[in-house]
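Welcome, and please have your viewer ready. We will go from stop to stop, selecting a few residues each time.

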Amino acid sequence: MTSSDPSRPPTPEVGTRVVEEDWYATELVDRSWERCTFAEVDLTEASVRGCRFQECTFERVRFNAAGLEQSSFVACTFVACSFFDATLDGCRWDGTIFTACSWKPVTVRGGSWWGVSLVNADLREQSWRGLRLTEADLSGADLRACDLRGSDLTGADLRRTRLEGADLRGCALSAADLEDARVRGVRLDVTGALALAGSLGAVVDTDA
């Protein structure tokens, strides 16, 4: 139930299990869930605005063509979910784990992705510009031709990541782990090039 006082956060549903529900084109506004499970739920073309999900699990949920706006999904788990043609606008995903999810195509506008796990995710040719991906685990992900301009990848795990043709101009790459990353044709600015060289073990002499 949503609080009648707009200055207070909504009272969360706790421990609820939602299975095989048809929420097609449903509007979810200022709702809150904690430690809930959503399995086989159809949220196609749904509108999710100002909602809060804490430590929730989503299994085979369809977010196709859905609009997720200014909502938070903190420390959640998504397994085999589909985000086909979804729009993720200004959402918070901190500490969330995505496993075997389908992303193509998806529109991502800002938001915080601190510490997310996108291991082996297929994000080819997608735009993930200006995102906070600090300490994100993108190991083994396919980021070929991905637009990551201006994103913060500080401390990110990019081991074995495919970055061929990706645009990393303006990215913060300090302390990112790029071991065995494929970087042929990657686009970098000077700062990014220095960070990449350092991550590969080169000694960069800026005074030479």
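Start by selecting Ala-25, which lies in the loop between E2 and strand E3 (27-29); helices (H or I, at least four residues) and strands (E, at least two) are DSSP runs, numbered from the N terminus. This is a predicted model, where local features need pLDDT of at least 70 and side-chain atom pairs count only at pLDDT 80 or more, while totals for chains, interfaces and linings use all residues. Residues are numbered from 1 along each chain as its sequence is written, and side-chain values use heavy atoms, leaving out hydrogens and water.

Now check the backbone of Ala-25: its phi is near 60°, a positive value in a residue other than glycine. Most residues other than glycine have a negative phi, and most peptide bonds are trans. Ala-25 is partly exposed, with a relative accessible area of 39% (buried means under 20%, exposed over 50%, partly exposed in between, with a 1.4 Å probe and protein chains only).

Next, pick Arg-60, in the loop between E8 and strand E9 (67-69). Arg-60 is not a glycine, yet has a positive phi of about 55°, and is partly exposed with a relative accessible area of 39%.

The peptide bond leading from Lys-104 to Pro-105 is cis, with omega near -15°.

Switch to cartoon view for the sheet. Five strands form an open sheet in the order E2-E5-E8-E11-E13, with parallel pairing; two strands pair if DSSP finds at least two bridges between them. Its edge strands, E2 (17-19) and E13 (97-99), each pair on one side only. Inside the sheet, select 57-59 and 77-79: strands E8 and E11 pair in the parallel sense over 3 bridges, and Thr-57 stands opposite Thr-77 in E11.

Which residues line the largest cavity? Select Trp-23, Leu-28, Trp-33, Phe-38, Leu-43, Val-48, Phe-53, Phe-58, Phe-63 and Phe-73. A cavity is a set of points on a 1 Å grid over the protein atoms alone where a 1.4 Å probe fits but cannot get out, and lining residues have an atom within 4 Å of a point. The largest cavity holds about 50 Å³ of space, a volume being the space filled by probe spheres set on the points.

Last stop: Asp-142, in the loop between strand E14 (106-109) and helix H1 (190-199). Is Asp-142 buried or exposed? Asp-142 is buried, with a relative accessible area of 11%.

Notes. 1 Å grid on protein atoms, 1.4 Å probe; cavity = no way out; pocket = protein on both sides within 12 Å on 5 of 7 lines; lining within 4 Å.
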